[in-house]
Amino acid sequence: MEFTLLIIIIVLALIFDYINGFHDAANAIATVVATKVLSPFQAVLWAAFFNFLAYWVFGFGVADTVAKTASTMDINLVVILAGVIAAICWNLLTWWLGIPSSSSHTLIGGFAGAAIAHAGFGVVTWFKEGKDGGLPSGVLIVIAFIVLAPLLGALISYLISIWLLNSSKKSVYPKIFTLSIMAVTVWFVEKQMKYYADIEKPRFDSHFWSVAFEAHNIKWLLVAFIILSISTFCLIFSSLNIHQANSWLKKFQLLSSAAFSLGHGGNDSQKVMGIIAAAVAVYIHTSGVAQESLPDWLNVILPNDDKGIKGAMPSWIPLACYTAIAAGTLSGGWKIVKTMGSKITKVSSFEGVAAETAGALTLYFTEHLKIPVSTTHTITGSIIGVGLTKRVSAVRWGVTVSLMWAWVLTIPISALLAAITYYILSIFL
């Protein structure tokens with residue numbers, strides 16, 4: 001019975017991942033479609049490819065955070081099953097209504113709500129201090145980023161927009177500023193890099209290729225590439241006419257949407273990995289099966305910093321999660337594309353580049369900090385930040401306020417749905 005429940009949870013988790021793909025596809029492709037840089041079909045192919053490519057770029061930090069939403073020693077598989085079912089229901093409802101709610105918060109809210117119904121509020125990891133001065137974790141931190149992620153996206157997109165606008169002027173000062181940004185970026189990324197001696201399992205005999213293809217390094221090299229590419233454009237922006245500038249910006253939109261799709265794939269697929277990892281951990285605890293006797297395809301180990309235990313996950317889990325989200329992205333999600341691409345503010349290639357770049361950078365940094373943020377909230381905040389550079393009234397605040405209500409209600413409604421689902425399932429299981 002326990003093993004059957006585990007398989008059902010894994011299947012439903014991958015279905016949720018697929019739904020997440022078409023529910024959140026709009027995040028990566030809305031501005032590209034709105035500005036007619038790509039057709040809708042080309043855009044979903046582009047986004048799906050980079051969703052899947054994220055498998056080779058990101059680690060499993062966010063997956064670890066999600067897996068520890070509730071203590072796996074104090075819950076059972078029915079809790080996780082209820083959480084996943086509630087998350088699927090809420091995602092399908094918001095997709096049907098065209099509301100870009102957060103799939104991430106839906107999943108965490110569902111997991112936490114079912115856990116509370118089972119064992120009370122104490123079972124949820126509300127707040128945990130970071131180790132060695134690191135950032136704290138827990139559900140309260142995730143809730144805080146409901147506000148912080150879109151604010152961060154809005155701030156970065158606003159600053160990028162101002163930077164681009166000033167770079168279009170024939171003045172030496174924007175060029176000096178741009179060169180300074182380039183120098184700081186190179187210095188910062190170099191400090192973040194892992195070199196051969198620091199890599200636990202080098203992929204190649206060659207030092208150069210091992211460093212270049214280390215997942216941690218790829219992410220930071222992408223950050224450098226994005227910022228340095230925009231910086232290069234800023235250096236020549238003032239010498240371009242309007243037609244040339246628009247042509248360059250449309251090319252940059254391909255880069256910025258690809259970068260955001262990578263962030264979306266890396267951030268959102270990891271949440272499902274975390275749920276599957278938690279389900280395996282609960283199965284081991286509740287069934288009495290020894291870790292050593294598990295088949296290799298189920299050999300999941302949750303990391304424990306306090307005990308010095310490093311996490312492990314069979315490769316089929318991340319591969320299946322990234323494949324599911326990419327397949328979901330290929331299915332589209334056109335109702336939400338319309339909301340994201342045109343209803344918040346009018347978007348041109350200029351705004352698209354600024355918003356997607358800001359969204360991608362926000363996702364990369366929050367993934368580095370192991371915080372499961374909403375890609376939906378992040379890109380919405382980024383689009384708002386771009387709109388603010390024109391004037392406050394350029395943002396359609398009526399639409400934005402409606403979206404914010406959906407954000408605020410997602411976790412409590414998902415938690416309530418999961419609790420009700422748990423009580424119903426408990427009658428039969």
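A: Start with one side-chain pair. In this predicted model, the side chains of Thr329 and Asn51 form a polar contact at 2.6 Å. Thr329 belongs to helix α11, which covers residues 316–330. Is Thr329 buried or exposed? Its relative accessibility is 1%. The cut-off for buried is under 20%, so Thr329 counts as buried.

Now look at what the record says about this stretch. An unreviewed UniProt entry carries the annotation "transmembrane region" for several spans, including 44–63 and 316–337. Other spans under that annotation include 139–165 and 220–242. In the model, residues 139–165 are 100% helix and 0% strand. Their end C-alpha atoms lie 39 Å apart. Residues 220–242 are 83% helix and 0% strand. There the end C-alpha atoms are 32 Å apart.

Helix α2 covers 40–53, and α3 covers 61–67. Phe58 lies in the loop between them. Phe58 is buried, with a relative accessible area of 4%. Which residue has its C-alpha 9.1 Å from that of Phe58? The residue is Gly265, 207 residues away along the chain.

Of its 46 residues, 33 are buried, so α10 is largely enclosed by the rest of the structure. Check both of its ends. At the start, a side-chain oxygen of Asn241 comes to within 3.1 Å of the backbone nitrogen of His243. Just after the helix, Gly288 has a positive phi of about 80°.

Helix α5, residues 103–119, can be read in a similar way. Its 17 residues should span 24 Å at 1.5 Å a residue, and its end C-alpha atoms are 24 Å apart, which agrees. Burial is counted here too: 14 of the 17 residues are buried, so α5 is largely enclosed by the rest of the structure. Gly120 follows α5, and its phi is positive, near 90°.

Now the aromatic rings. How many aromatic pairs does a search of the whole structure find? The search gives 17. In one of them, the ring centres of Phe233 and Phe237 are 4.6 Å apart and the planes meet at 35°, so this pair is tilted. Both residues are in helix α9, residues 215–237. They are four residues apart, so about one helical turn separates them. An α-helix has 3.6 residues a turn, so residues three or four places apart point the same way. Phe233 and Phe237 are both buried.

Ring pairs also build a cluster. Its members are Phe3, Tyr283, Trp297 and Trp316. Elsewhere, a ring meets a charge. The charged end of Lys251 sits over the ring of Trp248, 5.4 Å from the ring centre.

Turn to the cysteines. Cys234 is buried at a relative accessible area of 1%. Cys321 is buried as well, at 0%. How many disulfides are counted? The count is zero.

Finish with some partly exposed residues. His368 is in helix α13. At 32% relative accessibility, His368 counts as partly exposed. The C-alpha atoms of His368 and Trp220 are 9.7 Å apart, although 148 residues separate the two along the chain.

Lys370 lies in the loop between α13 (349–368) and α14 (375–390). Its relative accessible area is 41%, so Lys370 is partly exposed. Most residues other than glycine have a negative phi.

Lys194 sits in another loop, between α7 (172–192) and α8 (207–212). Lys194 counts as partly exposed at 33% relative accessibility. Its C-alpha is 6.9 Å from that of Val211, 17 residues apart along the chain.

Methods
Residues are numbered from 1 along each chain as its sequence is written. This is a predicted model: local features need pLDDT of at least 70, side-chain atom pairs count only at pLDDT 80 or more; totals for chains, interfaces and linings use all residues. Side-chain values use heavy atoms; hydrogens and water are left out. Rings of Phe, Tyr and Trp (its six-membered ring) pair if their centres lie within 6.5 Å; planes under 30 degrees apart count as stacked, over 60 as edge-to-face and the rest as tilted. Helices (H or I, at least four residues) and strands (E, at least two) are DSSP runs, numbered from the N terminus. Buried means under 20% relative accessible area, exposed over 50%, partly exposed in between (1.4 Å probe, protein chains only). A charge sits over a ring if NZ of Lys or CZ of Arg is within 6 Å of the ring centre and within 35 degrees of the ring normal. A polar contact is a pair of N or O atoms within 3.5 Å; within protein, one must be able to donate a hydrogen and the other to accept it, and residues adjacent in sequence count only if both atoms are side-chain atoms. UniProt positions are given in the numbering used here, feature names are shortened, and annotations may be inferred rather than shown by experiment. A disulfide is a pair of cysteine sulfur atoms within 2.5 Å. The expected span of a helix is 1.5 Å times one less than its number of residues.
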